[in-house]
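Okay, thanks everyone, I'll keep this short. Let me put the sequence and the model up on the screen, and then we'll walk through it together.

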Amino acid sequence: MHSFLKKTLSLSLALSLLAGAAGATTLTGLETETVERNWESSLFFPRMEALTGVSMDAHAVSDETQYANLIAAMAQGSIPADVLFKANLSRAQEQTLLESGALIDLAPLIEANMPNLSALLAAHPDWRAAITLDDGRIASLPLLNTTERQVCVWINAKWLSALNLSAPTSVAELTDVLLAFKAGDPNGNFKQDEVAADLIGVYEMRWLLPYFGVVADDSNLARLPDGSLAFAPELPAYREWIATLRDWVAQGILPQTAFTAMHSTAALSAASSDEKTPVTSGLIVTMTPYTHVPSAAAADYDALLMPDASGATRWRDLLGEVWTGCFAVSSSCEDPAAALRWVDALYGEDGALLAYAGVEGEDYVWNADGTWSFKLTGSRTINDVRANVLMYTGAAMPGLYPSDFISKVASPVDQHVFEQNERVHAVSEQVIPAHALSLERQQRANELTAVLGGLVDRGVARFATGEIELNDETYAAWLSELKAAGSDELVAMYEALPQTSAEN
């Protein structure tokens, strides 16, 4: 942050603290940060006031059920605040709150009051399309993240080295590696406690599908190389994937309990913070390894990208670059322009850094090697910083993710995870863009997805565990059941979209 801005912030912050909350715009939203964070005492809001000249009287709701009730009450005329920050609004909630008059349309106000966001939307018309409703109105503002973390399949590279194995490049090689993990004591504790593929539930196992040439979303829709759509279970490669899961269960690579059990690593993490406890996971699925294993072992895992049978390497982008529903202005706000000027700072560097790192010299420092670190002196811990300075953790907040800055953090583990995620991001694609359908059609698609999703997950589990024999007759019967539940209708709803809307 520039030195003159730091001086201005310091002076303005002192004045704002003396002035109190007089004339402030009221702000509420959902706070799900696990470290207790009080918006009333957080340094973020007075610093944003110093930066923008706009005061926010902020009060968070930490209970998700209570917050959902608050949003529902808004549609009935009970407006809790002028602004929703970390608003966590679905597309249906946006539409309902606009129609009820609880929220105002932001579309005509953005260009005049938000130069940072306006420039971003002009450079990325697809971003504007993602936040715009069918009738042209904009109910909420997004988080924009061009380097978002990816869900990856992570393989224990330390175990590969311990067993003198190379990273697998095919499903057959992966199977051989996992068998070696299971039998070879790669964690060196002289126990056969290794879980070769520590994957729990069909959702995690589904991230193996790209190795078979199938990139499918949560609706089980797959985008084929020619641009057409298919219901994934109907593809021959999908059946090959199920057959592989069945073989892995039979070989002990996947435990029989893999479809219902708790992660062995999750149990370990819950029971002990001992970094010396032997790691037992060979293959995991997550955004970052330290959600599953002790942080000291996180850098031992590499993202596993393998080509499919055609030689192509493709992956599914789970989140996309635009996360909608993060900021909205209610009809009770007397100065919407000021509220938009405030949030626009988060789409620029200075505001983003306040949310993601704080103030240079006070909360973080630059190191001689070009990296930065949080300033932890005396009894101050990283949890203190998360609770009292940062704002980006917890529910998604509006703004532009400062990827260039974050990538320079002085953390070997994070650096490793960033590098691996970038490898995956480079070959990732969205099957269906967010909000491709109208609200009414999306509601029908959601109904079909819920029913079909349950049938698919149960079918995969029953085939993989041997409850149902996997053969032509049983597989055809399963596909008939899926068709009867609406798989063709679901594909047709998205296939009818113009190709320009369906492309990533």
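This is a predicted model: local features need pLDDT of at least 70, side-chain atom pairs count only at pLDDT 80 or more; totals for chains, interfaces and linings use all residues.

**A quick tour of the chain**

Now the overall build. We've got 22 helices and 16 strands in the protein chain. The radius of gyration is 25 Å, close to the 23 Å that the globule rule gives for 504 residues, so the chain is as compact as a globular protein of that length. If you box up the C-alpha atoms along the principal axes, you get roughly 70 × 55 × 40 Å.

What about the inside? Buried residues account for 51% of the 504. And if you take the contacts between residues at least 6 apart in sequence, 77% of them join residues at least 24 apart.

On to charge: how many positive and negative side chains are there? The protein chain has 30 positive ones and 64 negative ones, and the centres of those two sets lie 3 Å apart.

N88 isn't a glycine, yet its phi is positive, about 55°. You'll find N88 in the loop between β3 (83–85) and α4 (91–100), and at 46% relative accessibility it counts as partly exposed.

Then there's N164, again not a glycine, with a positive phi of about 60°. N164 lies in the loop between α8 (157–162) and α9 (171–183). Buried or exposed? With 72% relative accessibility, N164 counts as exposed.

Methods:
Residues are numbered from 1 along each chain as its sequence is written. Side-chain values use heavy atoms; hydrogens and water are left out. Helices (H or I, at least four residues) and strands (E, at least two) are DSSP runs, numbered from the N terminus. The radius of gyration is taken over C-alpha atoms; the globule rule is 2.2 Å times the number of residues to the power 0.38. Buried means under 20% relative accessible area, exposed over 50%, partly exposed in between (1.4 Å probe, protein chains only). Contact means heavy atoms within 4.5 Å. Lys and Arg count as positive and Asp and Glu as negative; His and the chain ends are not counted. The place of a charge is taken as NZ of Lys, CZ of Arg, CG of Asp or CD of Glu.
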